[in-house]
Amino acid sequence: AHSKVWHNYNRNFRPHQKGRLSITLGSHWIEPNRSENTMDILKCQQSMVSVLGWFANPIHGDGNYPEVMKKKLFSILPLFSEAEKNEVRGTADFFAFSFGPNNFKPYNTMAKMGQNVSLNLRDVLNWIKLEYGNPRILITENGWFTDSHVKTEDTTAIYMMKNFLNQVLQAIKFDEIRVFGYTAWSLLDGFEWQDAYTTRRGLFYVDFNSKQKERKPKSSARYYKQVIQENGFTLKESTPDVQGQFPCDFSWGVTESVLKPESVASSPQFSDPHLYVWNVTGNRLLHRVEGVRLKTRPAQCTDFVSVKRQLEMLARMKVTHYRFALDWPSILPTGNLSTVNRQALRYYRCVVSEGLKLNISSMVTLYYPTHAHLGLPAPLLHSGGWLNRSTTKAFQDYADLCFQELGDLVKLWITINEPNRLSDIYDRSSNDTYWAAHHLMIAHALAWHLYDQQYRPAQHGVVSLSLHSDWAEPANPYADSHWKAAERFLQFEIAWFAEPLFKTGDYPLAMRDSPTRLAVIPWGERKVLKWIRRNYGDVDVYITASGIDDQSLENDELRKHYLEKYIQEALKAYLTDKIKIKGYYVFKLTEEKSRPRFGFFTSDFKAKSSIQFYNKLISNNGFLSETSSPRCSQTQRNTECIVCLLLVQKKPLIFFGCCFFSTLVLLLSITVFHKLKRRKFWKAKNLQHIPLKKGHESS
């Protein structure tokens, strides 16, 4: 029937009407249970061929039913004659395609073949391209549904439309699929076949219970109108790139998580006084030569192999700062000061001091928990962890020890990393979450006051905590309640800890009223910075960890793109919004095996190409035009490091110089004193021999 109509139009109407004609075919999409399993992949292909290929193959293919169907349905499937094949083949001027809920239900009509149904429109379009020679495609029906009680705030429909349209755009831009149109289903709520009036699919809401059947535009209608006006998705949130530089004292850093200390130096050859003979031809073991003692030297920081490796990587990065975390259980295994691992403290001191020799200052994090590992000493963990108030005092004692041992070298301290995410470990449905967070905040405050009162006057450092922050957008931008929900998300995400510390000393009102959480989207760094400034004033801001999982082991283009765009937003915030950004630390230096790939170096320490890109940003101190040059000299940017380096490297010489100078001053003082005393003595003696004038008699 279709082919006869097409031929009729082609012969009698196309010459003067100049139109095009096709047939709309609907389909689901299906993906294999096991992507590497050949049988599962074949079942998915059979499913698509049996549904979409049933009509597409005769019209857009070779004029016959798919081979899978002919073999499987041999006894019941009609056969095409050669004339019918020629009649049917090619009777479509474009591929008209329908993809929506009606293609997925009722489920018993779908040829799933034990595989997984998917809503990936981009993949279906790619399948059509591969099967039928990249035809021009018109999407004649697409959309989703809402329940019958939903009126104009159809947020789910907006989300699905955004998702489908974005997949179509990706198919056009990245896969070179020739989609030339898109049609949303449908204009009005109506009778939805087997679902009757239990679902709504219209862009306009219809009140079926009123006589007038009033029609009101839904949020999805307003959203679709916006997409049409912009002809896609414009980056309204992003402004054009800027050229400029950060301040000369800006911290360009790289972040590492917890550094596990080496228990013993990995290079003992200089500290072991014994001589060994290597039995090369026998058992290949080392045998000590008795009675021989060799000259040794004191232990050095570079005896730690991991320290040397870190220094090599940091030197390649050309950063000015290195952020890493101490391992609390390694330093205080019992959780109190009764047992202090001095070797661990020496290791961390080596990391800091050796970095200073390369003009790299350290930002040290005292406590770095993760979702998988709470990071507390075992006794504290067994006594309740952060649900026990005594853990706050234990943290204060631990911080006190670290300030004593490392504070002369470290000027940037982070007490706790992302405490607003640590609380997720505890059950959010009970009060445990909020008690754990409360104790974390008390622990930070105790450590801050301790440093402020006892150490800051001599060490001149700064202390803060690192808060995780995402930016939230309203899921439905046309609903006022969603804007309020997005703001409430930020109250939970950032203000939960920032409000008590930077502003009121108490939790934000939104948390005391109604706790909730929403999904977040990955952009918005500049908006977060502006939100912080708007709520907490002109505070100094360090971006302490920012990075992306790039699966490439060498040419990590995604990480370069991420660095460029996110640091651009930070530069706009500094230059345009006048936000006091003091430093940017990229997460992270090295990646671990079987983990997301966030590192500049692989787990076996191979460098990735993004290092050179970050090097250029650091050397330019931002983004320079072709005609401009850096305005900050290396001396300006490393003043603090040079002073620290001088103190660390020349400490014995400085001590000797001070002693020598003091001795010299003392000797000079004694010499001058004795000279003055002798002069006074001779002057008095000479006065006794001076003759008196006439007329004067001694009495």
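Modeller: Start with how the angle is defined. An axis here is a line fitted to C-alpha atoms, for helices over the stretch in contact, and angles run from 0 to 180 degrees between N-to-C directions. Two packed helices are described by the angle between their axes and the distance between the axes. Keep in mind that this is a predicted model.

Now the pair. Helix α3 covers residues 38–51, and helix α7 covers residues 121–132. Their axes come within 13 Å. They cross at roughly 80 degrees. Angles of 65 to 115 degrees count as roughly perpendicular, so α3 is roughly perpendicular to α7. Which residues make the contact? From α3 come Q45, M48 and V49. From α7 come V124, W127 and E131. By type, the residues of this contact divide into 4 nonpolar, 1 polar and 1 charged.

Follow the chain out of α7. N134 lies in the loop between α7 and β5, a strand at residues 137–142. Its backbone deserves a look. N134 is not a glycine, yet its phi is positive, about 50 degrees. Most residues other than glycine have a negative phi, and most peptide bonds are trans.

Further along comes helix α8, residues 155–173, which holds T155. Is T155 buried or exposed? T155 has a relative accessible area of 17%. Buried means under 20%, so T155 is buried. Setting aside neighbours within four places in sequence, T155 is in contact with A475, N476 and H482.

Those partners bring us to another part of the chain. S469 sits in the loop between β18 (462–466) and α17 (480–502). S469 is partly exposed, with a relative accessible area of 32%. L490 is 21 residues away from S469 along the chain, and their C-alpha atoms are separated by 8.1 Å.

Go back to the loop between β7 (179–184) and β8 (199–200), where S186 lies. The peptide bond from W185 to S186 is cis, with omega near -5 degrees. A196 lies in the loop between β7 and β8 too. A196 has a positive phi near 50 degrees, and A196 is a residue other than glycine. At 26% relative accessibility, A196 counts as partly exposed.

Another cis peptide bond runs from F587 to K588, with omega near 5 degrees. K588 is in the loop between β20 (581–587) and α21 (610–620).

Now step back to the whole chain. The chain has 24 helices and 21 strands. It has 699 residues, and buried residues make up 44% of them. Take the contacts in the chain with a separation of 6 or more: residues 24 or more positions apart account for 72% of these. The accessible surface comes to about 38200 Å², and 57% of that belongs to carbon and sulfur atoms.

How far can you trust the coordinates? The mean pLDDT of the chain is 85, and 86% of its residues reach 70 or more. Over residues 511–522 the pLDDT is below 50, and this stretch has 27 contacts in the model beyond near neighbours in sequence. Residues 637–642 also have pLDDT below 50, with 14 contacts in the model beyond near neighbours in sequence. Where pLDDT is low, the predicted coordinates should not be read in detail.

Definitions and conventions. Residues are numbered from 1 along each chain as its sequence is written. This is a predicted model: local features need pLDDT of at least 70, side-chain atom pairs count only at pLDDT 80 or more; totals for chains, interfaces and linings use all residues. Side-chain values use heavy atoms; hydrogens and water are left out. Helices (H or I, at least four residues) and strands (E, at least two) are DSSP runs, numbered from the N terminus. Buried means under 20% relative accessible area, exposed over 50%, partly exposed in between (1.4 Å probe, protein chains only). Contact means heavy atoms within 4.5 Å. Accessible areas come from the Shrake-Rupley method with a 1.4 Å probe; for residues, only the protein chains shown count as cover. Angles under 35 degrees count as roughly parallel, over 145 as roughly antiparallel, 65 to 115 as roughly perpendicular and the rest as oblique. Ala, Val, Leu, Ile, Met, Phe, Trp, Tyr, Cys and Pro count as nonpolar, Asp, Glu, Lys and Arg as charged, and the others, Gly among them, as polar. pLDDT is the predictor's confidence in each residue, from 0 to 100.
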